[in-house]
Amino acid sequence: MNLDFSAEDLAFRDEVRDFIAENYPAQLRGKQDEGDELTKEDFLSWHKVLAKKGWVAPAWPVEYGGTGWTSTQRYIWSEETARTDCIRLMPFGLAMVGPVIYTFGTPEQKAKFLPRILSGEDWWCQGYSEPGAGSDLASLRTKAVHDGDDYLVTGQKTWTTMAQHADWGFFLVRTDNDAKMQEGISFLLIDMKSPGIEVRPIITLGGEHEVNEVWLDNVRVPISNRVYEENKGWTCAKFLLAHERVGIAGVASSKRGVEKLKAVAATEMEGDRSLLANPFFRRKVAELEIDLAALEYTELRTLAAMAGGKNPGPESSVLKIKGSEIQQRLTELTLEMAGHYGAPYYRGFGEGDNEHPIGQEWANRAAPTYFNARKTTIYGGSNEIQRNVIAKMVLGL
Amino acid sequence: MDLSTTETQGMLRETLARFLADNYSFDARQKMIASPEGRDPGIWRALSSELGLTCAPFAEDLGGMGGGSIENLIMMEEFGKVIAIEPWVQTVVAGGGALVAAGGPLAEATIPAIIAGDCVIAFAYAEPQGRYNLADIGTTAKADGAGYVLNGHKGVVYAAPWATHLLVTARTGGGRREREGVELFLIDAKAKGISRRDYPTVDGFRASEVYFENVAIPGEALLSGGIDLIERVVDECTVAVCAEATGISRAMLAQTVEYTGQRKQFGVPIGKFQVLQHRMADMLVEAEQIASMALMGTLRLDAEKDARKAAVSMVKAKVAKSIRFIGQSAVQTHGGIGITMELAIGHYFKRATMIEGQFGSADYHLERFEALTYAA
């Protein structure tokens, strides 16, 4: 056991660096530098570059289009993409429904959906939460009833991220009202262009349109689009949630975030000293960096166990809790750093003013980013739920 | 020692609370913010000329009711409960406070206009490079005959787009960051040579970057007292936003308790879960600390200079930390709905967050408190 990269690993790292330098979409890079809103096409531009190279789904088994990388290579990949500010690929297809389909799906489902997830042809969204079913997900009430070879699905989903762009959605629906809660749920793949689906935006505190309500009114879904057995969808749901939690830790992007924070703090002056030389502020940054190192090695241990064939279990809740708290702390410190210039609301700047920040660009983004980051301890199973999982599943309480 | 309020003070609170209950619902507030001006000037008119509340903190010989900072505390608590976007801190606390402290003909002329609602003031004290250091000032006021000529740039001036007057800090001498030579001026917001870039703030106000280019101002605009006066005025403002924090905290706690009583998960109202009960109990503990510190700060505003500064820094350091906990806890307990624009709670959280840094962050005030009270 050691922490060193082998010669092969270092060669791989160089290959990755060269590839990113040569192939990262220039237009996307420009928009990121300017702090512009990213469109669906922007997100897909990087996805498609990676798909062409065969690097879009490192975590997938090779037979379905994975890279076959070692866990060290995957670590290098996430480090390098974060270090160079590559956008995070949308997780709904690649990290969520993809693994469910290749684990539980029929050969026909695998053949139909997996290639289109890899290519970026289909944009996916997640229909889990409902207005009355958040932390208590199993109490969901969206129902699917048989009608010939189809289901008719009626109900309402909420917090559906990026549904405004989605071609397909994976939905948890109730197919048996009489069974105990978890046992009457099925996992359906639904074409978002189906008649009877309406997507309504929810605007969050920073002014973003990321999440939506999805209303379903007698939406016709072929039974062949059900993954796994009827009434056994909870098995898929749990499997997916555990996978989601691992990815949610965001170690590599938080590391990049800390680097950026330090770089700005070193130039942001407070009289004669930089903020990074302010002993109060630097202590907070140092503590954050140390927390992040602890998380990083916890994640590496989890990934090593997964590489050994173990599915991520309740331990992934540890990653979710610490990862989300660290992401939030990063935004707290950035907002503190912004001082007075955290107050201007950039989405409200006048017409034509958008390219001209008040003070500095990063400072104008600090408050909306901080507000937005409160979601990280709520989504993917709130941190209260994660602690319940640890208490019950790990500690046996 | 006597911590009770007078009957008049009780009536003042009741009058404002009733007015706000009738006129400042969350929906009404959001409509004001969305309007072109970003506020409803009729509200200010009502608070001043109709209800006469603006006279509360001023002495009787200036046309006031004979009150002071306790009246401001009461008003700010009530404004906090509805996250009001009225320029009370800027106009009454900063402008009024500076004028009262400086005295003279300008005060005698302007305070009645504040009371009447004709004068709205914005406090232009911050500069882009200065962070929270009140003496880090590049804006200059150069003596010119009997008056001065102003040049410079003031940042994030809350309420500037609404203001008839600007309360401006500027340097008449000394080098950048020297305490000597910093002075306070009250000037006409429409004076020739002033330009602004206006914008909304994340917490629902309007603010501006204000630029001065050879702005000629009369000698009488000077409110003499230098940096000591400016620090006193900022301390009064600091305590005022801490009083606002009291109202905000209590409102956030009440809304959170109410929500957890209605929201059901796992077959019961989520307020039945002990982990949430303890969090809300901690919110109450912190809200009470905020109320206590805002009161302490108010009662110490007339103390000797260093004692006042140390006390106000204790207050702000504590309030900034406590209100962060309350805001974050309120949002977390609400869950996803807490970070949407739909529900009021998120808007309280935004204002609460901005109070953390307004007039000095926790770090700034901890450092000032230590420097003033711990011998090296």
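How many residues does the contact take from chain B and from chain A? It takes 36 residues from chain B and 35 residues from chain A, two residues being in contact if their C-beta atoms, placed from the backbone, lie within 7 Å. The model is predicted, so local features need pLDDT of at least 70 and side-chain atom pairs count only at pLDDT 80 or more, while totals for chains, interfaces and linings use all residues. Residues are numbered from 1 along each chain as its sequence is written, and chains are lettered from A and ligands numbered from 1 in the order in which they are written.

On the side of chain B that touches chain A, the elements giving two or more residues include β3 (147-158), α9 (305-334) and α10 (344-357) of chain B. Helices (H or I, at least four residues) and strands (E, at least two) are DSSP runs, numbered from the N terminus. The most, 5 residues, comes from α10(B).

Chain B contains 11 helices and 10 strands. Its C-alpha trace spans about 80 × 55 × 45 Å along the principal axes. Of its 376 residues, 54% count as buried, that is, with 20 or more other C-beta atoms, placed from the backbone, within 10 Å of their own.

In chain A, helix α5 (residues 91-104) has 14 residues. This helix bends by about 40° at A:Val97, and A:Pro99 follows within four residues; the bend is the angle between axes fitted to the seven residues ending at a residue and the seven starting there. Because 11 of its 14 residues are buried, α5(A) is largely enclosed by the rest of the structure. A:Val97 and A:Pro99 are among these buried residues.

Note on methods: Buried ≥ 20, exposed ≤ 12 C-beta atoms within 10 Å, placed from the backbone. Expected span 1.5 Å × (residues − 1).
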